[in-house]
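Student: I want to know what stands behind each label here. Shall we start with the pocket?

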Amino acid sequence: MRARDNPFRSTRIDGLAFRDPTTTPDRLLVRWQQAGRRGALIGPHGTGKTTLLAELVQRIEAGGRPVIGVRLRADGGRSDRAAIGCEAIRCRRDAVLCVDGFDLLPGYARRVLAWTTRRLHGVIVTAHAPCLYPTLHETRTSPELLAELATELLSHDPDAVAGAHRCPDLTRLHADCGGNLRDALFGLYRACASDRRLEERPQVADPGSSSGPPRSTQ
Amino acid sequence: MNDELRIDLAGGDAIHRPRSRISGELAWRLDRPAEALELRLFWYTEGRGDRDAGIARSLRVESPGAIGAQPFEFELPSGPYSFSGRLISLVWALELIALPGESAVRREIVVAPERREVVLHRTPA
């Protein structure tokens, strides 16, 4: 199967909405308000923290509030710390600062950041464990959630269903990936990519036309 | 929002060799006049990893009004070619965007010397 046709390609995984039967982004925003507009989304890798943060940001921006987003990388080192320091200092007082990967900062930098951003309208961070900010939500995954997401991704491609079904069962895949949904969905990507029956599908692009938000700017 | 944007390719031909010329006509019917329209010739990747993208050519139509049409022509770059493997595909496309805003239409094309997408096969072990 061509990578562009794989129903589990990264852009489709990134397009999945946050879902958790126990809460909604709107309810979490209420909790955030009640907590003085400070809060953390915590959970292990691949459980939806970044997806949830993006949805909260979307709602905050839709309400007319400026949001400054900073994404820290595990290999970012000092440049990331410098960048977030600059953002915190430059940030308008009426803005909300969102930091994805708060616990990648060293302990002293986390405390300095919390101090320098106390004047801001709000702060939301993601982290792998409870941190300086009140926990708004703890992200969790389950084999059922994996099945729901896989079904959604496969819903437009019946041919690929066969490929996906050749991989280990979803409960086992979820366990093998330690609950990391991103890894599990990429396991399904590999299953589809290596299905020889899907390789026999037409290889020449069907250059149709489609509308939607611009891709050249994404 | 019922904006209509269209990219018509000359002869309906969406498969081209590198460095050849691609031409056609843009047409639009917008609810409200846009500040500008921008046609972008760009490539992007799809697959296992993060998306990468690059804009090769662009054409801006200032103050296009609510309804109109305009021909366009680009010389295609020498590469990269349109290709697909199991891990990554590279896709060329033309995209017409009404600015400011989110209205856009995209038309995929193939840019490859053999006039078909290059398909990467697994090397036999």
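Student: What makes Thr50(A), Thr51(A), Arg71(A), Asp100(A) and Arg182(A) stand out in the lining of the largest pocket?

Tutor: They lie nearest its centre, among 43 lining residues. Lining residues have an atom within 4 Å of a pocket point; a pocket is an open set of points on a 1 Å grid over the protein atoms alone, where a 1.4 Å probe fits, with protein on both sides within 12 Å along at least five of seven lines. The model is predicted: local features need pLDDT of at least 70, side-chain atom pairs count only at pLDDT 80 or more, and totals for chains, interfaces and linings use all residues. Residues are numbered from 1 along each chain as its sequence is written, chains are lettered from A in the order written, and side-chain values use heavy atoms, without hydrogens and water.

Student: Which element gives the largest share of that lining?

Tutor: H3(A), with eight residues. The lining divides into 18 nonpolar, 13 polar and twelve charged residues.

Student: Why is Arg2(A) with Glu117(B) called a salt bridge?

Tutor: The rule asks for a side-chain nitrogen of Lys or Arg within 4 Å of a carboxyl oxygen of Asp or Glu. Here the closest N and O atoms are 2.8 Å apart, so the pair meets the rule. Chain A and chain B have four salt bridges between them.

Student: What is the area buried between chain A and chain B?

Tutor: About 2800 Å², with 46% from carbon and sulfur atoms. Buried area is the accessible area (1.4 Å probe) that two parts lose on being put together, summed over both.

Student: How many residues does each chain bring to the contact?

Tutor: Chain A brings 28 and chain B 34, with contact meaning heavy atoms within 4.5 Å.

Technical notes. Helices (H or I, at least four residues) and strands (E, at least two) are DSSP runs, numbered from the N terminus. Ala, Val, Leu, Ile, Met, Phe, Trp, Tyr, Cys and Pro count as nonpolar, Asp, Glu, Lys and Arg as charged, and the others, Gly among them, as polar.
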